[in-house]
Amino acid sequence: MKKLGILLIFLLSFSCKDIGKSEKKTTNLQGQEIEIKYANGFSITQFEDYSIIEVNSPWPGADKTFKYLLAEKNAQLPDHLEYDQKVNIPVKKIVVTSTTHIPALEELNEIESLKGFPGLDYISSKETRKLINSGAIKEVGKNESLNTEVLIDLQPDVVIGFAINADNKSFSTIEKTEIPVIYNGEWTESSALGKAEWIKFFGALYDKSKAADSIFRGIEINYNEAKKLAETVENKPTVLSGSMYNDQWYVPYGNSWQAQMIKDANANYLWADTEGSGSLSLSFESVLDKAQNADIWISAGQFTSYSAMLEQSQHYSQFKAVQDKRVYSVSMSKGETGGVIFYELGPQRPDLILKDLISIFHPQLLESYEPTFFKALNK
Amino acid sequence: MQHTAKYVSILVILVLVLFALALLNISLGSVHIPARDIFSSLFNAEVSKETYRYIILDYRLPKAFTAIIAGSGLGISGLLMQTMFRNPLAGPYVLGLSSGASLGVAILIMGSTLIGGSFIALALSKWSLVIASSIGSLIVLFAVVLASVRLRDTMAILIIGLMFASLTGALVSILSYFSPAAQLQQYIFWSFGSLGDLSWAEVGILSVFWFLGISLAIFCIKNLNSLLLGEEYARSLGVNISQNRMLIIIATSLLAGSITAFCGPIAFIGLAVPHLIRQILPINNHLILLPAVILGGAILMLICDIVAQLPGMEFTLPINAITSLIGAPVVIWLLIRKQKFQF
């Protein structure tokens, strides 16, 4: 199945190259690369009449780099230009497939170009919800099996896909109708600022690279300022993270972006020395042994109150963080249709996540701060 | 007489093995706890670290009890089903009980997003899972009982049970298809089975169901023995077949239903334990088989739990995978060695 998918993409890439060959003329091969400081998954090179986005990590472990050509409709393109998909810019109609793409569109002031989304209820942003309620954004099924008919009917200029491997049949069908599907691999980034930097990817699509660059710079400055502020404190609390399903406890690895942010917020993450991808699955007893006296517990699953948590398992009562009522969760900040705001806005705003964490770890530094994502559990 | 002495000595050996394995089970785990601390915890003496006492008394000990209850209860359910249907492939799964429980849990966890609101918070409570699972298996049970009143043929009941399993499986698929990742994950984790998340109060409730189920099974021993000779023969011996069938179904439901509710669906034990025991004790007398299956089920489950904990490692494996991984090759090996099912 996977091989078939790879073969299909391979064949498609050839068919696209043929289209590319028919649009030719001037040769200006000296492009200027846009600065990408933290993200590893993509690059943007601007040429006189067009730009090229290369996405090298559309999904974890991908062995193919996707090359996307962005050009105005009648742009003059050089001979022998090779690419996988061509997108006419600036994009006027777009379909995105992850809530994490929404904040980028909003920041760039282009949310009105959003015409379809799979799973509208997950979207929490008030601005976008207004458009959904007015019927301007259509439901297009689920990411893994998009409602192809509705999507084709919308005739977007581009579909921003995200995929867990090369096997997304819906995307192959859409590509056949000459609607370009381009992969956004922001979720595979290993650093928080790297995730946020993908706004430059959207900037290029809307021909707003400068605006995207300055938005990102703002986030970067805020993040680094917050990090510096956290460094002024000597006392580092110990931190437990993750949650338990049955008796398996899932905690982020020490090299994950979550662990990096705990470190940047100047706290001592108990599994900081572990390395791997995904999350570490531990037995209850090994977590209790290590983290019983942890000062703070963040990202405590879907719980919104201590009573719900203890009803689920009385073992939780053994942790000092639970006894001291120092458990924080992102599950309490939800949009009107139940989407968790952290999953939507978090990747785009690591500066806000960092500030939330600093206000939890070192409350004296941000006294009147109102956290965006992390809230203390209810009693 | 000589045979009886042999059987009794085998039962005694099984009791000793069970005791040794229970001790081994609580002394092994992800966290290394020195032997002295294990005994100190058990006898309320001073321990070198308070966490150790909690791990032993409130985590490993209830887990070991749960393993014993689940293993023996599922083993007995399997034995009852195999005798009633006179089919070596029968087990608690065939009545559709596990699938009914799965559907109940699936509706609770994944249906909550469709219904929304406060229902989602309810889905997080552990008791709601137990209740949903019990309601699910009870509904299937009632349907099977209704069918068994009308049908004279036990094979037809078996097929109806299998059909219910397909039907509930289809409904679970539809629910999964429309569920967000978090809910799907929660359901999948439930379906992996788990022994380690029960409080003493929950172990207590589970024991009550276990006791009732086992008592009913003991009550049926005589009739079970005559059933092995065929329904017609049993009837000629004065066994009230439909009443007996009802009792067996209720006993199985009490055992398999409560275990599935608290521990999730645990595969294979119900099917494998009676076969394994028949290899050691080649008789059909349920008076001996019943206690042997209770002991054998408990022993197998404790072994599976020890393996699932991967002593010395920081993580554990899902119990449902281990029961099949260990049990299936053992049964295959025994069957190949003995060439046939002894039934």
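User: Which residue does B:Arg60 meet in a salt bridge?

Analyst: The partner is A:Glu285, with 2.4 Å from N to O between the two side chains. A salt bridge here is a side-chain nitrogen of Lys or Arg within 4 Å of a carboxyl oxygen of Asp or Glu. Keep in mind that this is a predicted model, where local features need pLDDT of at least 70, side-chain atom pairs count only at pLDDT 80 or more, and totals for chains, interfaces and linings use all residues. Residues are numbered from 1 along each chain as its sequence is written, chains are lettered from A and ligands numbered from 1 in the order in which they are written, and side-chain values use heavy atoms, with hydrogens and water left out.

User: How many salt bridges are there between chain A and chain B?

Analyst: The count is 2. There are also 7 residue pairs in polar contact between chain A and chain B, with both residues at pLDDT 80 or more. A polar contact is a pair of N or O atoms within 3.5 Å; within protein, one must be able to donate a hydrogen and the other to accept it, and residues adjacent in sequence count only if both atoms are side-chain atoms.

User: Which element gives the most to the side of chain A that touches chain B?

Analyst: H10(A), with 5 residues. The elements that give two or more residues to that side are strands S14 (243–245), S15 (248–252) and S17 (279–283), plus H10 and H11 of chain A. Helices (H or I, at least four residues) and strands (E, at least two) are DSSP runs, numbered from the N terminus.

User: And how much area do chain A and chain B bury between them?

Analyst: About 2,900 Å², 47% of it on carbon and sulfur atoms. In chain A, the residues that lose the most area to chain B are A:Tyr245, A:Asn246 and A:Glu285, together 22% of what that side buries. Buried area means the accessible area (1.4 Å probe) that two parts lose on being put together, summed over both. By contact, 25 residues of chain A touch 35 residues of chain B, where contact means heavy atoms within 4.5 Å.

User: Why is the pair of A:Phe284 and A:Phe319 edge-to-face?

Analyst: Because their planes are at 80°, with the ring centres 6.4 Å apart. A:Phe284 is in helix H10 (residues 284–291) and A:Phe319 in the loop between helix H11 (306–312) and helix H12 (320–323) of chain A, so the pair ties together parts 35 residues apart in sequence.

User: Are those two buried or exposed?

Analyst: A:Phe284 is buried at 0% relative accessibility, and A:Phe319 is buried at 0% too. Buried is under 20% relative accessible area, exposed over 50%, and partly exposed in between (1.4 Å probe, protein chains only). Ring pairs also link A:Phe284 and A:Phe319 into a cluster with A:Trp249, A:Trp297, A:Phe303, A:Tyr316 and B:Tyr59.

User: What about B:Phe39 and B:Phe43, what kind of pair do they form?

Analyst: A stacked one, 6.5 Å centre to centre with 5° between the planes. B:Phe39 is partly exposed at 43%, and B:Phe43 is exposed at 62%.

User: Back in chain A, where is A:Ser329 found?

Analyst: In strand S19 (residues 327–329), where A:Ser329 is buried with a relative accessible area of 0%. Its side chain reaches the backbone oxygen of A:Phe303 at 3.5 Å. Leaving aside neighbours within four places in sequence, the contacts of A:Ser329 include A:Ala300, A:Phe373 and A:Leu377.

User: Last topic, the backbone. Which residues does a cis peptide bond join?

Analyst: A:Ile89 and A:Pro90, with omega about -5°. A:Pro90 sits in the loop between strand S5 (85–88) and strand S6 (94–96) of chain A. Most residues other than glycine have a negative phi, and most peptide bonds are trans.

User: What is phi for A:Asn266?

Analyst: About 60°, a positive value although A:Asn266 is not a glycine. A:Asn266 is in the loop between helix H9 (257–264) and strand S16 (268–269) of chain A, and it counts as buried at 9% relative accessibility. A:Gln155 also has a positive phi, near 50°, but A:Gln155 is partly exposed at 43%.

Terms used. Phe/Tyr/Trp six-rings, centres within 6.5 Å; stacked < 30°, edge-to-face > 60°.
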